[in-house]
Amino acid sequence: MINLVALVALMLNFLVHSGTESQFGRYVLDKPGAQPLKHLIVSPAGPYTTVQAALADAHDGDIIEVHAGAYRGPLVVTKSVTLEGIGWPSLDNGEEGTVVTLAKADAVLRGFEVKGSGTEPDQDHAGIILGAPRTVAENNRLHDVLFGIFASSAPNAIIRNNDITSKPEYDLGRKGDGVRLWYSPNTLVEGNVIHETRDTVIWYSNGVIIRNNTIEQGRYAVHLMYCNSARIEGNRIFGNSVGIYTMYSDDTVMRNNLIRSQRGPSGYGLGFKDSNNVEVDGNVLVDNRAGVFLDNTPFADGFAHFRNNALAFNDVGVTLLTNVKSGVFENNSFWENIEQVSIQGGSSGNTNTWKNNYWSDYTGFDANGDGVGNLSYRSERLFENLADRAPELRALIYSPAAQAIEFAATSFPIMRPLPKLSDDAPRVSPQPLPAFAVPSQTESPIGMTLVALLLLALAFAGLTERYLSVEVSRNGGVYRFAPLLRSFSRRETKPGITMSPTSTPPAVAGRPVALRVSQAAKRYGKVEVLRGVSFEAVAGEALALWGPNGAGKTTLIKSILGLIDYLGDIQVDGHDVRRNGKQARRRVGYVPQEVTYNDWSVQATMAFYSALKKANPAQIPSLLERMGLTGHAHKPVPALSGGLKQRLALAIALLGDPPILLLDEPMANLDTQVRAEYRSLLVGLRREGKTIVFASHRLEEVEMLADRVLVLEQGVLKTVLTPETLHTLAAGCVEMTLWVPLAQRAQTLEYLTQTGLAAHLNGRGTVVARVDTSRKAQLLRTLASMGIEVTNFELERVDVWK
């Protein structure tokens, strides 16, 4: 008896898990005693050859498995079935109407290519319409459709992991929305890639969750209207006209979104109009026209809290209309926005709360080291206030007129405007950048550059505003953002430091000259980008080109390559670049910062450049092996990571075994581990006797590779340093203007000069001294201990070379 029971149980188990076959599919027992559910098979070979025929025979709860093939729409699903695509079957409606409509609750469409909708926007022609509760569209690919997925009166719907784009022939305004929700509360929109569609529209739908989507190259990435209790988290929003715009919606939470390069006519990263109870936390907003825009938000007894956000490189960090009151901005990082805060209409912003924010233009100090500045941050620039009233004045923001207005406001207190805002406890260091904003190798070069600039900026802003090395661990690797040189006083050269533009390091002294540049100059119109640059590099020497953007580094490299006309004389291995350019270029390998390739394989690309350079193709296998590219030889170049592409660029540069390498910031867009591996390759080449001239912004690269550092500024070679000198001087200094009583001015000047500081009396009744940034607070404490009363002071960063 026991054996018989066991046998029956085994048979039931087999039926439940395997089902029983019929000529049209498989019957599945959901649970013992339940009505069997059908598992219907659709494929070009049958048993069903159309999805519509399988639907006609299906019942609620059945699964229709559709295998790879081309199937025609329209498809109207009026049963609670699951349509499961195997091998990406396509549903095409021949440019008419809507392709798929899920019209019954709990219907599911998964794993299909959906295309060929109609083109009439007033008829809502779409790829997929969800028209009933709890319908699901996931893991589908939609293209050549007007609207993507339209949920209409579909509460608790799920739109997940779809790739959605509109009809490519239409301009942005004529395209349909990638996702549209209409009276569909509690819907989940998650993990989708929505690109080159018009908007993502969420209207009259409370409780929606919009999470972990990528939305790019559209008009409104997300547009909420009359949607309470929405949660918008973890989205990546790139290159739209507007990022997330919320209207007439309450209780909204926005957290951990990366919003970059919204550059439409308004260009808001986040916008709020007539909305209440808003929580905005941990977002990163970079390179938008305005990071945040507020209009009548909050209102009445509501709130709007902005905390722990990073706003960087925007035209305006935060734009407020004059009706915005009671907003709270706390623990945010405002970094190098052209205007940190704009109040359109020019009214004072003190009705809002600004607390513990980091401001990159803050010039105060932290005396007790608690991370909070001892002086308030006040935004009171006269030209900004005028531009807030008349936005057309922003076209003059960097003009001499704007500078004259600011000078007048500084010189004549009667012209100083009321402050737009005051942060009484500003942070002196920014918040750490969240891991989700670290650029990946799959990002576009422009996007990686923008976010890398933010990373460098935030890392750079920390220790006394000058020198900081920050590490962020991610995925087992380490991103290190090295210190950047800003400014230091030439008059305050530290003991034992020498600056010599002519001396050659002993290790390479006596070797022949590999590169000679004499009085190189270049002008574009009235702008001089190189002025009388002269230097020599001997065989086997590594020279670093150091300086800010626009210093002339790339122009100098292009001149050495003979790619642009120039004045002066440049010789490469004894060959004049202007008169004998081909011979000179054969002795140079060049690696740019970013390289564009065709869709060829690595092997074919190397063969092409070998023929172009008339190099021996027998070199190719050994170069690929040395660069770690042998295993990638037959891969298409676009499939390579950023680090491997730069290795390929170096391999191409080494074709023909040139004695000189020119590198234009080749490691700028690489992560830490890849950058370290690339540096090791360059160190090996240097040991073999290659002459290397490279542009860099990274101090660790200079210290590891360079024998000497050529410091360029505004096209002029200011000086030549050793890497050690550069490191020592990178700590920088500021110019302090001290207001002291007239009777104590002489005593103050005497003390400052006796301690070795460059100091002088100023016509404004002040004493001015140059001091290391690390000594600002110490100097003030010392003067106070001497009984010298410093009633006020100003700080100004010093340009080292002036």
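Which side chain meets that of arginine 160 in a salt bridge? In this predicted model, the partner is glutamate 138, and the nitrogen-to-oxygen distance between the two side chains is 3.0 Å. Arginine 160 belongs to strand β16 (residues 158–160) and glutamate 138 to strand β13 (residues 136–138), so the pair ties together parts of the chain that are 22 residues apart in sequence. Glutamate 138 is buried, with a relative accessibility of 8%, whereas arginine 160, at 23%, is partly exposed.

The chain in which this pair is found has 802 residues, of which 51% are buried, and its secondary structure consists of 15 helices and 59 strands. Of the contacts between residues at least 6 apart in sequence, 58% join residues at least 24 apart. The chain exposes about 34400 Å², and carbon and sulfur atoms supply 53% of that area.

The structure holds 28 salt bridges. Side chains of opposite charge can pair when their charged atoms come close. A further example is provided by arginine 198 and aspartate 177, whose closest N and O atoms are 3.0 Å apart. Here arginine 198 lies in the loop between β20 (193–195) and β21 (199–203), while aspartate 177 lies in the loop between β17 (163–164) and β18, so that parts 21 residues apart in sequence are tied together. Both partners are buried, arginine 198 at 15% relative accessibility and aspartate 177 at 1%. In the salt bridge between aspartate 573 and arginine 587, the closest N and O atoms are 3.4 Å apart. Aspartate 573 is placed in the loop between β49 (567–572) and β50 (575–576), and arginine 587 in the loop between α7 (581–586) and β51 (588–591), so this pair ties together parts that are 14 residues apart in sequence. Aspartate 573 is partly exposed, with a relative accessibility of 35%, and arginine 587 is likewise partly exposed, at 23%. Through shared partners, salt bridges also join Glu84, Arg110, Glu138, Arg160, Glu190 and Arg211 into one network.

Serine 117, in the loop between β11 (113–115) and β12 (126–130), is buried with a relative accessible area of 0%. When residues up to four places away in sequence are not counted, serine 117 touches a set of residues including Glu95, Glu96, His125, Asp144 and Lys167. The C-alpha atoms of serine 117 and glycine 73 are 9.3 Å apart, although the two residues are separated by 44 residues in sequence.

Several backbone features are found in loops. Most residues other than glycine have a negative phi, and most peptide bonds are trans. Against this background, the peptide bond from glycine 73 to proline 74 is cis, with omega near 0°, and proline 74 is located in the loop between β5 (70–72) and β6 (75–77). A cis peptide bond also leads from glycine 46 to proline 47, with omega near 10°; proline 47 is part of the loop between β3 (37–42) and α2 (51–57). Tryptophan 88, in the loop between β7 (82–86) and β8 (90–92), has a positive phi near 60° and is partly exposed, with a relative accessible area of 34%. Tyrosine 183 has a positive phi of about 50°; this residue lies in the loop between β18 (179–182) and β19 (188–190) and is partly exposed at 42%.

Two patches were identified on the surface. Lys582, Arg585, Arg586 and Lys614 form a positive patch, in which lysine 614 comes from the loop between α8 (602–612) and α9 (620–626) and counts as exposed, with 69% relative accessibility. A nonpolar patch is made up of Trp600, Phe608 and Leu612, which together have about 300 Å² of accessible area.

Notes: Residues are numbered from 1 along each chain as its sequence is written. This is a predicted model: local features need pLDDT of at least 70, side-chain atom pairs count only at pLDDT 80 or more; totals for chains, interfaces and linings use all residues. Side-chain values use heavy atoms; hydrogens and water are left out. Patches are made of residues with over 30% relative accessible area and no salt bridge: like charges are joined within 9 Å, nonpolar side chains (Val, Leu, Ile, Met, Phe, Trp, Tyr) within 5 Å. Accessible areas come from the Shrake-Rupley method with a 1.4 Å probe; for residues, only the protein chains shown count as cover. A salt bridge is a side-chain nitrogen of Lys or Arg within 4 Å of a carboxyl oxygen of Asp or Glu. Lys and Arg count as positive and Asp and Glu as negative; His and the chain ends are not counted. The place of a charge is taken as NZ of Lys, CZ of Arg, CG of Asp or CD of Glu. Helices (H or I, at least four residues) and strands (E, at least two) are DSSP runs, numbered from the N terminus. Buried means under 20% relative accessible area, exposed over 50%, partly exposed in between (1.4 Å probe, protein chains only). Contact means heavy atoms within 4.5 Å.
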